[in-house]
Structures are given as C-alpha cells and as structure tokens.
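The following note concerns helix packing and aromatic pairing in the structure shown below. Please read the points alongside the coordinates.

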Amino acid sequence: MEESRLCQWSVIRSVLAIVQWWGFNVTVIIMNKWIFQKLDFKFPLSVSCIHFICSAIGAYLVIKVLKLKPLISVNPEDRWRRIFPMSFVFCINIVLGNVSLRYIPVSFMQTIKSFTPATTVFLQWLVWRKYFDSRIWASLIPIVGGILLTSITELSFNMFGFCAALFGCLATSTKTILAESLLHGYNFDSINTVYYMAPFATMILAVPALLLEGSGVMEWFHTCPSLFSSLIIIFGSGVLAFCLNFSIFYVIHSTTAVTFNVAGNLKVAVAVTCSWLIFRNPISSLNAIGCAITLVGCTFYGYVRHKLSQQSPGTPLTPRTPRGKMELIPLVNEKLDDKV
C-alpha cells in the first residue's frame, strides 16, 4: 500500500512538474511575441537584456538569500576562461531567439528550433570529427524533412527571421558542445548556470543594446499610450524567464529522460496552438503537417538516443566501425536547452 502511494505521488509530481514547465515556457514565448507585436516594443536586444538582469537577480535571491540551492563555487580564473565564452554564446542564443520572434510567428520559430538536434550532430561530425550510429542519422531525416516542408509552406515567411532562428539553433548547438569542454568538472544545474552566466551576458549585451536601440526605446517611452502596463508586461516577461529556469531544474529531477523528451515535443505543440489562438497567424495544412513531422522526428530522435544510452558497452558494433571512432550518442542535453 505504501509503495502504491509513493508511486502515485511520483506520477502526480511528474505531471505537475511538466505542466508548470509548459506553463512558464509557453507564457514567456507568448509574452515576448506580444511585446514585439502588440506593444510595438521592437527592440529584441533590450528585451534580452531585461531578461538577463531579472535572471541574474532571481538566481542571486534563490542561492544567496533564500538558500534554496547550494552555490557551486567556481575558480575566479575559470570564470573568465571558461564561463565568459559560454556566456557569450548563451547571449547570442537568446538574442537570436528574440530577434526571430519579432519577424516570424511563434509556430514557425518553434518548429525551426526543433532543428537543434540535427545542427548539433552535424557540427560534432563536421568540426569535432565524431562518428554516430546510423540510427542517429536516420532519426534526423524526418526532422530535416519536416523543417523543409514547414519553411516552404510558411505563409508568414520572413528571411531575416528565418535566418535568426536557424542561426539560433547553431548557437544552441555550439553552446551545448562547448559546455562539454569548457565546463568540464563543474556539475552545473540550471540555477547555478544562470547565476554565473546572466551577469556576463548582461555586461556583453548592455552596450550594443544602448547604442543600437537606445534612441528607439526613448522614443517608445514618449509615444507609448499605456506606459505603466506595458512596462509591467516587459519586466514581467523577464521575471517569468527566470521562473522558467527554476521550472527546468524542478522538471529535470521529477521526470525520466524519455518522459522529458516526449513532454518537450508536446510543449512545442502546445506553444504553437496557443500562439495561433492568440495571434491568429495563418497556417496552411501542409505547414501543419511539416510541423507534426518535425515533432515526431524529434520524439524518434530522443527515443533512439535513449536506446543507445542503454546499450551495454559489450554490444558488438558493425565490422566497418572501429570502436575508437564510434560516438553512439551526440553531446546534446535538451534538458537545459530551454534556459532563457
């Protein structure tokens, strides 16, 4: 009886963790799109900078004041030698995501973001000369095919927004790959990652945001019809961006890898549906099919990765594949790819 209750509570906790993660993630995406489209605050660098500031303050409160998470100490030299380069890529990743949201619908942006597994595997193969099981390459086919179909049939296609989203995938992949080498020896969770990287990212982004968007922001301040409520929404999106990081930490410790992968792809479907209900961007039937194919491909890719990770070291390889050159699982950690 006691074991049954524990099992039921574990299931309930996992469901609650996934629902709150979905809620924060979808809300942040919708709010950012609302800021760009409805509030006419067309300054993605400034929005990203506000998010970093709110995240830095939130991480400090959680670790230093509330002490909900222990601080992972980092050597001062490593902060500049390891964390600063990661923060730079982290910053580019978030900025490109916000830039793409300004020019393309949420549905299209989220579908392109699902291209990240393919760009990660390709970069590791091309630059780092890592070799992957043929099943990994096969699992990428529906992802690539779905992205192509979605892009060709997108009714609100914008080349600049498309390129920003695509390069955002490359930045996410680069961030993940660099983390394997630069952060080696530091077992960071999402909160400690934000604690160290958000201040650096703010410092990197503050000057470009001021120079490129400062005059536009000041003009918006003087022409905005409802300034107070608009500022609440803008800064509220920054607070929710930090809450998203905290929700990722919770969901990672409450679900299995397979559950997380499936829930992550369903989250994209929820975000696409919610954005369509709010913004009513036109979606053709072929576009919807392309999005569905991409999500199915991402789920299949996650399943293949899980099966390969469960494969025992003694499992024989094909005769043409030397064990020394075989890399069964790409260095992708989707659990941390949603950090804002």
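1. Helices H4 and H7 cross in a right-handed manner; a crossing is right-handed if the near helix is turned clockwise from the far one by less than a right angle, and left-handed if anticlockwise. H4 comprises residues 106–113 and H7 residues 159–182, and their axes lie 9 Å apart at an angle of about 30°. H4 is therefore roughly parallel to H7. Angles under 35 degrees count as roughly parallel, over 145 as roughly antiparallel, 65 to 115 as roughly perpendicular and the rest as oblique.

2. As to the basis of these values, the model is predicted, so that local features need pLDDT of at least 70 and side-chain atom pairs count only at pLDDT 80 or more, while totals for chains, interfaces and linings use all residues. Residues are numbered from 1 along each chain as its sequence is written, and side-chain values use heavy atoms, with hydrogens and water left out. Helices (H or I, at least four residues) and strands (E, at least two) are DSSP runs numbered from the N terminus. Axes are lines fitted to C-alpha atoms, for helices over the stretch in contact, and angles run from 0 to 180 degrees between N-to-C directions.

3. On the H4 side, Phe108, Ile112 and Lys113 meet Phe162, Ala165, Leu166 and Cys169 of H7, where contact means heavy atoms within 4.5 Å. This contact has six nonpolar residues, no polar residues and one charged residue. Ala, Val, Leu, Ile, Met, Phe, Trp, Tyr, Cys and Pro count as nonpolar, Asp, Glu, Lys and Arg as charged, and the others, Gly among them, as polar.

4. H2 (residues 44–65) and H3 (residues 76–103) have axes that come within 9 Å and cross at roughly 130°. H2 is therefore oblique to H3, and the crossing is right-handed. Pro44, Leu45, Val47, Ser48 and Phe52 of H2 make the contact with Phe90, Cys91, Ile94, Val95, Asn98, Val99 and Arg102 of H3. By class, nine of the contact residues are nonpolar, two are polar and one is charged.

5. The axes of H6 (residues 134–153) and H11 (residues 285–309) come within 7 Å and cross at roughly 165°. H6 is therefore roughly antiparallel to H11. Their crossing is left-handed, and the contact has 15 nonpolar, eight polar and two charged residues.

6. Across the whole structure, 16 aromatic pairs are found; rings of Phe, Tyr and Trp (its six-membered ring) pair if their centres lie within 6.5 Å, and planes under 30 degrees apart count as stacked, over 60 as edge-to-face and the rest as tilted. The ring centres of Phe41 and Trp220 are 4.8 Å apart with planes at 80°, so this pair is edge-to-face. Because Phe41 lies in the loop between H1 (2–37) and H2, and Trp220 in H8 (residues 190–223), the pair ties together parts 179 residues apart in sequence.
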